Amino acid sequence: MATTQAENTVTTYPTASGDTVSSTVPVGAVYAESSALNWGASLVEGAVVLDDTVASNAPWSAVVKKGHVLTIVDVGGNQSADCLIYNADDPEERYSVPDTLAWQGNAYVRTGTVLHSSEGRPLMTVVANEIDRQDTIGGACGKESNSLRYGHHVMFHHGCRENFLAEAARHGLGVRDLVSNLNWFMNVPVEADGALGIVDGMSAPGRRVAVRAETDVLVLVSNCPQMNNPCNDFNPTPLRMIVVDPQSPASPGSPDSGSPQSAQHPSTPEGAA
């Protein structure tokens, strides 16, 4: 678990009506310098074609070619990587939660899960996974939902919805293109009565998931800015995105072709929000 930055510190915020509200939620939280970070490596052998760091609270996107494998590294542990997937050649075909769950007959995403599109076609397949189960029913946080859940004092905190909109705009996509998403590394158990909960994560620094593109796909990720519940210990940390081509051999001595940690990455990334 990442290092807690604020514990039982009560802060008073003004409201639009002129009243005040008290909260223990830290405002503008970023990860502590003492956080344990593990930058990991690709879960699949192959030539590295992309290796990006996603700062805490930030969005990311890339086109992953058919046959290439994207490894997402939970660098600090329990940091939700909210994810949307589109057919790169026709973004109107996009990831579908109901199609994916119906095809596999299971509410959770695990190794072997095929991520289906709104047309019922495979977009990506989970080929390796270091977490028991991944979530695809919890949805994405946003300013409106955060205000309802935590109070109006957080109405100015951007969420994954805002990250998605900002990153989608770079690809000519907008509000109508946002659909239900995946939440890599988030723990949303389904209880016996069908109730859902957002509870402590099962991840840890350096844990990974790898997904193979079954067609050329556009992948959008929001490194969740959620700092209003204790899932990530109010300590948002970076993500690492590694895309490899399994059909091409890794470069000799490449630190990302299976080694436990890359020396190319600093202990704290630039651009942390």
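A: **A close look at the salt bridges**

Lys65 forms a salt bridge with Asp216, and their closest N and O atoms are 3.8 Å apart. This pair links distant parts of the chain, 151 residues apart: Lys65 is in the loop between strand E4 (59-64) and strand E5 (69-74), Asp216 in the loop between strand E11 (207-213) and strand E12 (217-223). Strands (E, at least two residues) and helices (H or I, at least four) are DSSP runs, numbered from the N terminus.

This is a predicted model, where local features need pLDDT of at least 70 and side-chain atom pairs count only at pLDDT 80 or more, while totals for chains, interfaces and linings use all residues. Residues are numbered from 1 along each chain as its sequence is written, and side-chain values use heavy atoms, leaving out hydrogens and water.

A salt bridge here is a side-chain nitrogen of Lys or Arg within 4 Å of a carboxyl oxygen of Asp or Glu; by this rule the count comes to 10 salt bridges.

Next, Glu130 and Arg208 meet through their side chains in a salt bridge (2.7 Å, N to O). Glu130 lies in the loop between strand E9 (122-129) and helix H2 (143-150) and Arg208 in strand E11, so the pair ties together parts that are 78 residues apart in sequence. Arg208 is buried, at 15% relative accessible area, whereas Glu130 is partly exposed at 30%. Buried means under 20% relative accessible area, exposed over 50%, and partly exposed in between (1.4 Å probe, protein chains only).

Finally, Arg170 and Glu167 form a salt bridge (2.6 Å, N to O). Arg170 is exposed at 59% relative accessibility, but Glu167 is buried at 8%.
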